[in-house]
Structures are given as structure tokens and as C-alpha cells.
Amino acid sequence: MGESSAHSMSKCTELTLNRDAVIDTDRISNLPDSLLYHILSFLPTKEAVATAILSNRWKPLWIFVPTLDLRDNCCKKPISFTYIVYRVLALHIAPSLRSFRLTWYSPCNSFHLDTWIHAALTRNVQELHLEIYLNGGQDDSHVYEGEYFKLPSSLYTCKTVVVLELRGGILLDPPPSFQFPSLKILRLSKIRYGSVNSISTLISGCPVLEDLSVVRDCTNNGISFKIKVHTLKRLHIGFKSYKPEPPDYNLEIHTPALEYFRFSGHLRNILFHEKLAHLIEARVDICALEDWTRVYEIYYGDRVFKLLRALNNAKFLSLFPGDKECIAFGSIYPSMFQNLVRLNFKVTPSNWHVLLALLLVAPNLEVVDLNKDYDNENRLCWMELPDAPGCLSSRLTTFNFGGFEKLEHEVEFVKYILKEARALNTMTIKIPAKLSKEDVFETLSMFPRLSTTCLITVEKDNSLE
């Protein structure tokens, strides 16, 4: 009996200790409410609500979280989800909203969407993200052709919104006079505009705007608009087109305070009215369908170099100036890139001469990251390397080459870098698995080096296969 009693007491003690250990390890539940609200704010509202089943401690928390992230995710029963949204808004009692995100991919009466957006506005929302496709999203051509949702007029009276993001099947048609006094970040992606002046009108009502992103589907030719914002520091422009004929547009930019510029897509006519004296970083990624260059005989050379000349104050430049045969002509001169210290460049057979031209006009360049985007030498557009010494930056310390395949012009280029880079410390060459590291290293080690401290490293990169 005594032995059995002792064994039972030992088991009870063990269970008690284990239970206490479990309770002790649930440290998250012991955090203050404010911190738990912050943690839940990173979850979609559906998942935040689900935490209510964890314990009584968690049950009321989600209704005070200062964010709402509502997504229908192509729900098969949009009517029931409409009810859920109304229910969530009724139960949610946070006095103000830091962020309201609505993602909708189903048919819906605009009255409901207006009501939900208005509910966010009445709670002094700071970040408003809307992605709406009333007919289920984009088709195979990547262009939305369904019904468009017109933004409610109450949106244009909001005084608290700091971030506004609009995506998809949304119609933007701002009134002639309004103001977003707090708006600093504006992102417009593949939406529809009520008139040719919609973007200019919207921007004119944003007196403190600092960050602007405009990505457009070029469904119509002859697009013209202006971006005139003296407070703007960051600008991203994207023009996408999936039609067989090339799009056309004219863009005028007045942004004297710009520090960051990014362009992606099809390049046409872009004009900067002021010198970008404060520019720190620029990213340019140009793409074109092959038919545009072959059938329509469009060559981007002059446009690419014209854009680069406007960006010549940048300290950091990432450049993919196009492929195929699109930049066979043009010149970067007489621009100098005196401030450029880092260059990321994606090279193809048709743009080697752009890279070489940049190297010759960047006297303070310190880092070059080169990535190759081809596996043959067809249509190679090459510029002879200069014979005279001192043409390459004397400050170049780091050179990286991804996709090196020992093609003749690649070897000559690396040889030139080793011969001319006086301050070079590291050269990293990434090769495909089919090449031998030892063989490539032996080849490069034979070339003369101006720098006595240069360390050459050859690495395998399986992603190149």
C-alpha cells in the first residue's frame, strides 16, 4: 500500500510539474494587450479572428487590432462572405485603423464596397489598400476587361490617409478640386482612369506626396500625362503591354527633389524637365516583345541613352537596357557619371556596348555586379576595349560576374578588368556546373593584374543550368 501510494503521489507531482511547465511556456499570452494587438496586426483578419479559440485570454483581442485585412479569395459564395464582412465590421471596435486592406475577386454590388470603405474612412484610416476585380481577375492576356468599380466620392475628403494603394479593376476619376493633406505614399497598379487628366488631377491634390508608383497597362495608344510634384522623393513608372503592336505614350516629369527612380517595361518618350540633382539610386529594366523589334523595326538605343543621361547623378545604378536587337544604336556621351559608385548590370549580346560605355564615364565606380542573360554570341553588339591605360575607374574594388561561360568576349572583358583595375580587391566569377572551377581559375590566373591585392574566386552556380 505504501509503495503504491508513493507511486501515485509521484505521478501527480510529475503531472503538476508538466502542467506548470506548459503554462510557463505560454509566454505570449502573458504579454500586454498592446503588444498582442501589434502581433495580430500582421495577420489577415481571418487568421486573427481564428486566434479567439485559443483561450478566453485571446477571445476578445482581434476586435481591438488596429488593422483589417479582408480577402474574399475568389469565394464560391460571395453573398455569405459579404455577410461575414459586415459582421466583422460590426464586431470590430478599434477606435482608429492603422491599415485597411480589401481584396475582392467576386461580383458585388458597389453599395457594399462603398459602405466598407466608408467605414474605414470614419475610423481615420492611415493606410488604405484596395484590390478589386468584380469579374474575377485578369484573363490570359494579363489585362482586366471586366466591370470596374468607381471609387466613392467620400474617399477624396479623407484627411488622415497616409498610404493609398489601388490595384486592378478600379476606376479613378477624381473631382477637379480636393486634397489629401496627409498622403505621402501613392501606388496605382493597372487601374482604369476616367480621363487623360486623372493622374495629374490626383497628384495635384497631394501637397506632401513623397513616394509615387504608377504601373499602367498600355491598352490604348497616345497616352500622355505629367507628373509634377516638388516634394516627391521616390518614383516608380511601369508600362506593361501584351498586345502584338507596340504601345505609345508621352510622359513629362517635374520632380526636382527625386532621390530614387525606377522604370520597368516598354520605353517610349520620357522627358525630365529638371536635372535630378538629389538622385541617389536608379533602377531601369526595359523589356520589349520580339515582334516589336522585328516587325515594327523599333530600336531603343536613342531612348535608352537619353534616359541614362537624365540619371547621371545616381550613386547606385541597376540597369537592364533591353535585349534582342533593340539597342543597336545610340550614345551615352557627353554625360559623365561622376557620382556612380555601384553598377548592377544585366548583360545580353545586344547591350555589351552600353556596359562598356558606362565604365568609361564613371571615374569613381567602386563595385560592378554583372549578370549574364544569354548563352550564345548571336548578334553580339560589342565595343572595342580601349588600349590607353587609365580609362577604368581607379577606385574599382569589387567585380562580380554571374553566368561566366568562357566565351571569347567574356574572357577578354575579365582580362581587361584585371589589367586596368588598380584598386581591385575581389573578383568573384560564377560559372555553370558544366565548367570546371579549376580550369576557369587557371585561365584567369594567367592574366596580368594591376592590383597586387586582388583575390580571384570561382564559384559554381547551379541556377545557371
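Predicted model: local features only at pLDDT ≥ 70, side-chain atom pairs only at ≥ 80, totals over all residues.
Helix α9 (residues 352-360) is largely enclosed by the rest of the structure, because eight of its nine residues are buried. Here, buried means under 20% relative accessible area, exposed means over 50%, and partly exposed covers the range in between (1.4 Å probe, protein chains only). Helices (H or I, at least four residues) and strands (E, at least two) are DSSP runs, numbered from the N terminus. The buried residues of α9 are W352, H353, V354, L355, L356, A357, L358 and L359. An α-helix has 3.6 residues a turn, so residues three or four places apart point the same way.

Residues are numbered from 1 along each chain as its sequence is written, and side-chain values use heavy atoms, with hydrogens and water left out.

Aromatic rings come next. W352, one of the buried residues of α9, also belongs to an aromatic cluster together with F399, F401, F404 and F413. Across the whole structure, the search finds 15 aromatic pairs. Rings of Phe, Tyr and Trp (its six-membered ring) pair if their centres lie within 6.5 Å; planes under 30 degrees apart count as stacked, over 60 as edge-to-face and the rest as tilted. Among these pairs is that of Y156 and F178, which is edge-to-face, with 5.4 Å from centre to centre and 70 degrees between the planes. Y156 sits in the loop between β4 (149-150) and β5 (163-168), and F178 in the loop between β6 (170-172) and β7 (185-189), so this pair ties together parts that are 22 residues apart in sequence. Both Y156 and F178 are buried. The pair of F225 and F239 is tilted, because the ring centres are 6.2 Å apart and the planes stand at 45 degrees. Since F225 belongs to strand β10 (residues 223-228) and F239 to strand β11 (residues 234-240), the pair ties together parts that are 14 residues apart in sequence. F225 is buried, with a relative accessible area of 5%, and F239 is buried at 1%.

Charged side chains also meet rings in this model. A charge sits over a ring if NZ of Lys or CZ of Arg is within 6 Å of the ring centre and within 35 degrees of the ring normal. R234 lies over the face of Y260, at 3.9 Å from the ring centre, and K346 lies over the face of F320, at 4.8 Å.

Turning to the strands, two of them pair if DSSP finds at least two bridges between them. Strands β5 and β7 run parallel and are joined by five bridges, with L166 standing opposite L188 in β7. Another five bridges join β7 to strand β9 (residues 211-217), again in parallel; here D211 of β9 is the bridge partner of I185.

Two polar residues in strands are worth a look. D369, in strand β18 (residues 367-372), is buried with a relative accessible area of 13%. Its side chain makes polar contacts of 2.4 Å with the side chain of R342 and of 2.4 Å with that of N400. A polar contact is a pair of N or O atoms within 3.5 Å; within protein, one must be able to donate a hydrogen and the other to accept it, and residues adjacent in sequence count only if both atoms are side-chain atoms. H129, in strand β3 (residues 127-132), is buried at 7%, and its side chain makes a polar contact of 2.7 Å with the side chain of E165.

T45 lies in helix α3 (residues 45-50) and is buried at 6% relative accessibility. The C-alpha atoms of T45 and L70 are 6.1 Å apart, although 25 residues separate them along the chain. Beyond four places in sequence, T45 is in contact with T67, L68, D69, L70 and V88.

Finally, the cysteines: C158 is buried at 6%, whereas C391 is partly exposed at 27%. The whole structure has zero disulfides, a disulfide being a pair of cysteine sulfur atoms within 2.5 Å.

Notes: Contact = heavy atoms within 4.5 Å.
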